[in-house]
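Please keep the sequence and the 3D view open as you read.

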Amino acid sequence: MTGSPSFASAGLEGSVVVIVGASRGLGRQYAADLARAGARLVLTGRGEDVATAAETIRREGGIAIAIRCDIRDPAPFVEAALAEYGSIDGLVINAGVVRDRSFAKMTAEEWSEVIDVHLGGSFACAKAVWEPMTTQGRGSIVFTTSGAGMHGAFGQANYAAAKSGIIGLMKTLAIEGERLGIRANAIAPMALTEMTDGVFSDRMKHCLRPEQISPFLMALLDPGSTRTGEIVECGGGWGAQMRWQRSAGDRMTAAPFGSEFDLPETTADSLGAALGDPRTMYRMA
């Protein structure tokens, strides 16, 4: 996926979308843009700001309710969505915390809290909507991962591990959800928020704005989309699909990358490579 999809999505008109972590930053931007696209929203957050976000949307003609709850306790937003709208078509999991510290100084509490909120919270939210989406035979779940989860980052062992775990969770739900009509994807956004304000340069702050992420999110939520199991990295109006790449490999040694490589997509591909089964290999030259 490259470039910026059309901002407005007719397919989102009337859709019910829950945004976890909608009080500020990217979540609040998502809410404003989804409301303009005609989605009916359930906004969640732990503080009173989430009510303000919903009120602003309603004042501008959109449809939104606010539910105060923790990402790890999603039952209130599920109950509210079903009571107010009767369905849940989309779930955006955006809330999180950071406790940055070098690995040598990181405490067990700092490790556990970040893993619990990001990975545990993502599990809890997806689990909470799984039954309603299964019953209605449709649904789209968009997780939030990060470049740190794909590449690592100094001082973020806890955050990187959680974001990497989210990728594994998303990939599995995409497989299990296929026969149920449930799609699962992950977005890796690069934008100025409270979380990135202290690490972004002035140029990054100017070029990487939250409103430039929404079009990619909306494309993944669109009921007409068939995308599932994808990681979409985006920022500054640019977006790309990420995938695993593997060197050609060799016996008894881990061959480095060269001119030949293949693109594994499933665990069967890994087994096939180990067994030398050419049916599972996608050699590129």
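This is a predicted model: local features need pLDDT of at least 70, side-chain atom pairs count only at pLDDT 80 or more; totals for chains, interfaces and linings use all residues.

Strands of a sheet pair through backbone hydrogen bonds, in either a parallel or an antiparallel way. Here, eight strands form an open sheet in the order S3-S2-S1-S4-S5-S6-S7-S8, and the pairing is mixed. At the edges you will find strand S3 (63-68) and strand S8 (238-242), each of which pairs on one side only. From one strand to the next, the twist averages 20°.

Now look at one pair inside this sheet: S6 and S7 are parallel and share four bridges. Cys234 in S7 is the bridge partner of Pro189.

Helix H1 (residues 25-36) lies across strand S1 (16-20), strand S2 (40-45), strand S4 (90-93) and S6. Relative to S1, H1 runs at about 165°.

**Two helices side by side**

Two packed helices are described by the angle between their axes and by the distance between the axes.

| Helix pair | Property | Value |
|---|---|---|
| H3 and H4 | Angle | about 30° |
| H3 and H4 | Distance between axes | 10 Å |

Angles under 35 degrees count as roughly parallel, so H3 and H4 are roughly parallel to each other. Their crossing is right-handed. On the H3 side, Phe77, Val78 and Leu82 meet Cys125, Ala128, Val129 and Pro132 of H4.

**Helix H6 and its neighbours**

Helix H6 (residues 157-177) has 21 residues and reaches 30 Å from its first C-alpha to its last, close to the 30 Å expected at 1.5 Å a residue. Its buried residues include Tyr159, Ile166, Leu169 and Leu173. What do the buried residues of H6 pack against? They pack against helix H4 (108-136), strand S5 (139-144), helix H5 (147-151), strand S6 (182-189) and strand S7 (231-235).

Is Ile115 buried or exposed? Buried means under 20% relative accessible area, so Ile115, at 19%, counts as buried. Ile115 touches Gly120, Asn158, Ala161 and Ala162, leaving aside residues up to four places away in sequence. Ile115 and Lys163 are 48 residues apart in sequence and 8.6 Å apart in space, C-alpha to C-alpha.

Conventions
Residues are numbered from 1 along each chain as its sequence is written. Side-chain values use heavy atoms; hydrogens and water are left out. Helices (H or I, at least four residues) and strands (E, at least two) are DSSP runs, numbered from the N terminus. The expected span of a helix is 1.5 Å times one less than its number of residues. Buried means under 20% relative accessible area, exposed over 50%, partly exposed in between (1.4 Å probe, protein chains only). Contact means heavy atoms within 4.5 Å. Two strands pair if DSSP finds at least two bridges between them. Axes are lines fitted to C-alpha atoms, for helices over the stretch in contact, and angles run from 0 to 180 degrees between N-to-C directions. Angles under 35 degrees count as roughly parallel, over 145 as roughly antiparallel, 65 to 115 as roughly perpendicular and the rest as oblique. A crossing is left-handed if the near helix is turned anticlockwise from the far one by less than a right angle, and right-handed if clockwise.
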